[in-house]
Amino acid sequence: MPQSDNNRPGGDNTDDAVVSVSHVCQSYGKTEVLHDVSLTIRRGEIVALIGPSGSGKTTLVSSIMGMLAPQSGAVQVLGEHMPNRRLLGGIGYMAQNDALYTDLTALENLRFFGTVLSMSKQQLHAAIPQVAGVVGLAKDLHTKVGNFSGGMKRRLSLAIAMISNPPILILDEPTVGIDPELRRQIWTELRRLTGEGKTILLTTHVMEDAQQSDRLIMIRDGMNIAEGTPDAVVRQFSAPTLEDAFIAAGKGQDAHHSNR
Ligand code: ADP
């Protein structure tokens, strides 16, 4: 069904918006942790949220997924206001802490999470070897997850996020504990997925991940302080590298605070 104009947040060009966050504020108790955050993510993009620990990335991701209702402002995913239970199956989520059953094998974990998403036996039969291959776990499917290394658990979590072939993937720190070769393999797969029209939002501290994303959104103290392609962000801060741009952005914001 075509989106009506009524569904569109004010002002933005949201023709191919998959995620629209419009003037969202969130607080825990009296502490406001997201201040008037707005952003749009378009179909087929890889967008990286980057910012220091405690800057509000996870709270923002939770708001996008509908795990937290916005205290003010609005979140829309695939044209639907969040929170919305119907969209749970449309978002593949990889949390920062691997939520895995350590007494079960990797195969049993994949089957369990796929079944929760109402996948049939046939669908699981096709999807499990595919996603296990992508993350380099095809030979480890029968190993108990309790015996996995940290990196293997991250990879299994990523496979679970992809199991139902969702249109949107939200990946919280996806490459932590993953070696460079496999990181490259995962990026190849992420690119293949966006080539098919999937949309990916990730949070990261890893500069290589930021550099490879189509667009960066820098979060600091719960605010969206800079946004653009990696090259544009580097130019905006007249910095030699992306890392320098982040440091410059942080200093700029500290100065802004002390001038208020
Ligand atoms: P990030 O993902 O960037 O590390 P978070 O969104 O986890 O940031 O946290 C933003 C701020 O909100 C931090 O100051 C954190 O301590 C606080 N916070 C996060 N979750 C909760 C919670 N459930 N209750 C209270 N404070 C929280």
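**Helix packing, up close**

Tutor: Start with helices α3 (residues 121-134) and α5 (residues 180-195), whose axes come within 9 Å and cross at roughly 130°. This is a predicted model, where local features need pLDDT of at least 70 and side-chain atom pairs pLDDT 80 or more, while totals for chains, interfaces and linings use all residues. Residues are numbered from 1 along each chain, and side-chain values use heavy atoms, without hydrogens or water. Helices are DSSP runs (H or I) of at least four residues, strands (E) of at least two; axes are fitted to C-alpha atoms, and angles run from 0 to 180 degrees between N-to-C directions.

On the α3 side, Gln 130, Gly 133 and Val 134 meet Gln 185, Glu 189 and Arg 192 of α5, where contact means heavy atoms within 4.5 Å. By class, that contact has 1 nonpolar, 3 polar and 2 charged residues; Gly counts as polar here.

Ala 106, Asn 109, Leu 110 and Phe 113 come from α2, and they touch Leu 156, Ala 159 and Ile 160 of α4. This contact has 6 nonpolar residues, 1 polar and no charged ones.

Two of those names turn up again at the largest pocket: Phe 113 and Ile 160 are among the residues nearest its centre, along with Ile 91, Gly 92 and Tyr 93. (A pocket is an open set of points on a 1 Å grid where a 1.4 Å probe fits, with protein on both sides within 12 Å along at least five of seven lines; lining residues have an atom within 4 Å of a point.) In total, 21 residues line the largest pocket. Strand β6 (91-94) and helix α4 (150-162) are the elements that give two or more of them, and β6 gives the most, with 4 residues. Sorted by class, the lining holds 15 nonpolar, 5 polar and 1 charged residues.

Before you leave β6, look at the loop between β5 (80-81) and β6, where Pro 83 lies. The peptide bond from Met 82 to Pro 83 is cis, with omega near 0°.
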